[in-house]
Amino acid sequence: ATPADATKAREDLDKTVDAMRVDARATKADILGKTLALDTTQAAAFWPVYKQYEAELAIVNNDRVAIIQDLGEHFSSLNDAKAAGLIDRQLANQEKSLALVKKYKDEFLKVLPAKTVARFLQVDSRLNVLLDLAAASEIPLVQ
């Protein structure tokens with residue numbers, strides 16, 4: 001395989017990942033809409049906050065994808081120092097994700113009752129776990 005082949009493969013993978021992420025966001029919004037059963041007033045208040053949350057979550061997820069891509073690029077030559085760096089980056093990414101959920105929990109509580117926010121957080125967490133599982137199944141274990 002030539003460097004051009006590797007570049008093409010990376011571009012194809014990036015396009016596939018981007019398409020999957022767009023589909024996943026649309027599916028999440030559809031499931032949330034059905035699960036939360038918001039009235040018109042609640043929906044008008046919720047969806048703008050949710051869109052902000054998803055935009056910030058996309059940034060955190062972009063960082064996570066970069067970590068995965070870094071692993072993929074160094075998979076065959078991974079040494080302990082690089083592995084330790086990837087571990088630190090992954091843990092920092094998980095902390096950012098949790099901080100974002102905490103921040104937006106407060107924002108959602110400004111526009112929805114606590115029980116509805118609790119339901120949102122449950123459903124959002126479950127959907128994110130499913131998406132993570134699908135992504136993780138594509139990543140080989142470090143040897």
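Helices here are DSSP runs of H or I with at least four residues, numbered from the N terminus. The structure is a predicted model, in which local features need pLDDT of at least 70 and side-chain atom pairs count only at pLDDT 80 or more, while totals for chains, interfaces and linings use all residues. Residues are numbered from 1 along each chain as its sequence is written, and side-chain values use heavy atoms, with hydrogens and water left out.

**Exercise 1.** Classify the ring pair of Trp47 and Tyr50, and state how far apart the two residues are along helix H2.

*Solution.* Rings of Phe, Tyr and Trp (its six-membered ring) pair if their centres lie within 6.5 Å, and planes under 30 degrees apart count as stacked, over 60 as edge-to-face and the rest as tilted. This rule gives 12 aromatic pairs. In one of them, Trp47 and Tyr50 have centres 5.3 Å apart and planes at 85°, which is edge-to-face. The two residues are 3 apart in H2, so about one helical turn separates them. For accessibility, buried means under 20% relative accessible area, exposed over 50%, and partly exposed in between (1.4 Å probe, protein chains only). Trp47 is partly exposed at 23%, whereas Tyr50 is buried at 3%.

**Exercise 2.** Work out which kind of pair Tyr53 and Phe108 form, and which helices this pair links.

*Solution.* The ring centres of Tyr53 and Phe108 are 5.9 Å apart and the planes stand at 70°, so the pair is edge-to-face. Tyr53 belongs to helix H2 and Phe108 to helix H3 (residues 80–109), so that the pair links parts of the chain 55 residues apart. Tyr53 is buried at 2% relative accessibility, and Phe108 is buried at 0%. Ring pairs also join both residues into a cluster with Phe46, Trp47, Tyr50, Tyr104 and Phe120.
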